[in-house]
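Take a walk through this fold with the structure open beside you.

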Amino acid sequence: MNLSNMFGPFIAFARRFPLATNIIRRLLLSVVLLWAVTVMIFIGVEALPGDFATTYLGQAATPEAVANIRSDLGLDQPLLTRYGDWLANAVTGDFGNSWASGKSVSDQIEKRLGNSLFLALFAALIAVPLSVSLGVIAVRYRNRVPDKVINILSLAAVSLPEFFVGYLLIMLFVVTFPTAMFPSTVYDDMDFLSRLEAIALPVTTLVLVVLAHMMRMTRAAIIQVMSSAYMETAELKGLDGLRMIIKHAAPNALAPIINVVALNLAYLIVGVVVVEVVFVYPGMGQYMVDAVTVRDLPVVQACGLIFAAIYISLNMIADILAILANPRLRHPR
């Protein structure tokens, strides 16, 4: 069959509906990427040094006991067989049981994922509007005192790693100036208001980490739009600077701003690992670190897959929103 006849309908559809074609292409790419990540996670975890059976039984373990545990856990099966079984179960949301505790990994993740999302949500609610507002202010007072102060503070925030910021806040608000409003740990049995008080320090840490990057990218995107001819015309007409930025420049800089915001939101989900360990927060990050310590492979694989799925999904959503924000694709000629 002629290839042009085979792919003709798809080519015609792509030319007629470029917006839908780009969205479908991005969805398919995300699915392929997620599958590739599952392969990398499974092989990467399998390649880790050490053995769960030996770690679990201790140095005095006999070869027979180690072989029995490996057989019970299915570790004596071929690699492809174990990968196929794990992937088939993971697609249905079944990640098996933890080797260390014997409890359902899915049940444990359901509780801890909610805690991580709770932490990331409040960090995002503060970081996103604050970073965009600071970016607009920096553009409005470009090369003046407010812009220079914001840039200096953002550079300082970018230079500090999460664990250092977290320990610094603990030392300041828990050790040096202790207060009941800022406990250094969070517990599952807290009520809503108590949890809000308890996550103040972890949220502050996450906000300081992602705020600077989002602010600087917002500033750069708006400045690039401000240099265009129609913005110079608007400025010559005497339009107010702040109103011109908000009404005309910011909407046209929406695509790169959406991308950087989504990228940092993905980081808030994936990057909570260090923050959760510092503040002993009962979330996905702490759960995964504890599992790595004892080589609990089902937990490590499940956490890695969920983190990857969230990261890829948020980036996919950012790309789709950027496509929708492109007027040439929304209104093709």
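Is W86 buried or exposed? At 9% relative accessibility, W86 counts as buried. Here buried means under 20% relative accessible area, exposed means over 50%, and partly exposed lies in between, with a 1.4 Å probe and protein chains only.

A word on the ground rules. This is a predicted model, in which local features need pLDDT of at least 70 and side-chain atom pairs count only at pLDDT 80 or more, while totals for chains, interfaces and linings use all residues. Residues are numbered from 1 along each chain as its sequence is written, and side-chain values use heavy atoms, with hydrogens and water left out.

Back to the rings. The structure holds four aromatic pairs. Rings of Phe, Tyr and Trp (its six-membered ring) pair if their centres lie within 6.5 Å; planes under 30 degrees apart are stacked, over 60 edge-to-face, and the rest tilted. One of the pairs joins F42 and W86: the ring centres are 5.6 Å apart and the planes stand at 35°, so this pair is tilted. It links distant parts of the chain, since F42 sits in helix α2 (residues 18-46) and W86 in helix α5 (residues 79-91), 44 residues apart. Helices are DSSP runs of H or I with at least four residues, numbered from the N terminus. F42 has a relative accessible area of 4%, so F42 is buried. Y83 joins in as well: ring pairs link F42, Y83 and W86 into a cluster.

Next, the charges. A salt bridge needs a side-chain nitrogen of Lys or Arg within 4 Å of a carboxyl oxygen of Asp or Glu. The count comes to two salt bridges. In one of them, the side chains of D319 and R26 meet at 2.4 Å, N to O. D319 lies in helix α16 (residues 297-324) and R26 in helix α2, so the bridge ties together parts 293 residues apart in sequence. D319 is partly exposed, at 26% relative accessibility. R26, at 14%, counts as buried.

D147 forms a salt bridge with R219, with the closest N and O atoms 2.9 Å apart. This pair also links distant parts of the chain: D147 is in helix α7 (residues 145-159) and R219 in helix α10, 72 residues apart. Both D147 and R219 are buried.

Now look at α8. This helix (residues 162-176) has 15 residues and reaches 20 Å from its first C-alpha to its last. That is close to the expected 21 Å, a span given by 1.5 Å times one less than the number of residues. There is a kink of about 25° in α8, centred on I170. The bend at a residue is the angle between axes fitted to the seven residues ending there and the seven starting there.

Which residues of α8 are buried? They are E162, V165, G166, L169 and I170. Their cover includes α10 (200-226), α13 (254-270) and α14 (272-278).

E162 is buried yet has no salt bridge. The nearest side chain of opposite charge, R216, is 16 Å away; Lys and Arg count as positive, Asp and Glu as negative, and His and the chain ends are not counted. Leaving aside neighbours within four places in sequence, E162 is in contact (heavy atoms within 4.5 Å) with T205, V209, Y267, G271, V274 and V275.

Last stop: P282, in the loop between α14 and α15 (284-293). At 14% relative accessibility, P282 counts as buried. The C-alpha atoms of P282 and L113 are separated by 9.2 Å, though the two residues are 169 residues apart along the chain.

Terms used:
Helix = DSSP H or I, 4+ residues; strand = E, 2+ residues; numbered from the N terminus.
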